[in-house]
Amino acid sequence: MKGKILAITSLVHFINDGNTLLMPVIYSYILISLNLNSLIIGIISAIFYIISAIASPL
């Protein structure tokens with residue numbers, strides 16, 4: 001049972017860190033494909049990281 005809990009915790013931690021590392025790639029894709037301003041990309045990233053900080057304890 002403890003191994004299962006550890007595996008699930010490790011998977012969730014990996015997903016959380018993976019999202020954080022994947023976001024800069026997504027930002028450059030949005031910048032190129034949707035032709036958005038860099039300021040908008042900065043606002044999107046700030047919103048993402050604020051929501052992530054609020055939701056991470058949950």
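A polar contact is taken here as a pair of N or O atoms within 3.5 Å; within protein, one must be able to donate a hydrogen and the other to accept it, and residues adjacent in sequence count only if both atoms are side-chain atoms. By this criterion, the side chain of Ser45 reaches the backbone oxygen of Gly42 at 2.8 Å. The structure is a predicted model, in which local features need pLDDT of at least 70 and side-chain atom pairs count only at pLDDT 80 or more, while totals for chains, interfaces and linings use all residues. Residues are numbered from 1 along each chain as its sequence is written, and side-chain values use heavy atoms, with hydrogens and water left out.

The secondary structure of the protein consists of two helices and zero strands; helices (H or I, at least four residues) and strands (E, at least two) are DSSP runs, numbered from the N terminus. The protein has a radius of gyration of 15 Å, well over the 10 Å that the globule rule gives for 58 residues, so it is more spread out than a compact globule. The radius is taken over C-alpha atoms, and the globule rule is 2.2 Å times the number of residues to the power 0.38. Along the principal axes, the C-alpha atoms fill a box of roughly 50 × 20 × 10 Å.

The accessible surface of the protein comes to about 4,900 Å², and 76% of this belongs to carbon and sulfur atoms. Accessible areas come from the Shrake-Rupley method with a 1.4 Å probe; for residues, only the protein chains shown count as cover. Of the 58 residues, 9% count as buried, where buried means under 20% relative accessible area, exposed over 50%, and partly exposed in between (1.4 Å probe, protein chains only).

Helix 1 spans 2-33 and helix 2 spans 38-55, with Leu36 in the loop between them. Asn35 is found in this loop as well. Leu36 is partly exposed, with a relative accessible area of 30%, whereas Asn35 counts as exposed at 68%. Asn35 has a positive phi of about 55° although it is not a glycine. Most residues other than glycine have a negative phi.

In helix 1, Tyr29 is exposed, at 58% relative accessible area. Tyr29 and Val12 are separated by 17 residues in sequence and by 25 Å in space, C-alpha to C-alpha.

Ser45 lies in helix 2 and counts as buried because its relative accessible area is 16%. Ala46, also in helix 2, is partly exposed at 36%. The C-alpha atoms of Ala46 and Phe14 are 21 Å apart in space, and the two residues are 32 apart in sequence.

A search of the whole structure finds one aromatic pair. The ring centres of Phe48 and Tyr49 are 5.1 Å apart and the ring planes are at 75°, so the pair is edge-to-face. Rings of Phe, Tyr and Trp (its six-membered ring) pair if their centres lie within 6.5 Å; planes under 30 degrees apart count as stacked, over 60 as edge-to-face and the rest as tilted. Both residues are partly exposed, Phe48 at 23% relative accessible area and Tyr49 at 35%.

A nonpolar patch on the surface is formed by Leu34, Leu36, Leu39, Ile40, Ile43, Ile44, Ile47 and Ile51, with about 700 Å² of accessible area together. Patches are made of residues with over 30% relative accessible area and no salt bridge; like charges are joined within 9 Å, and nonpolar side chains (Val, Leu, Ile, Met, Phe, Trp, Tyr) within 5 Å. A salt bridge is a side-chain nitrogen of Lys or Arg within 4 Å of a carboxyl oxygen of Asp or Glu.
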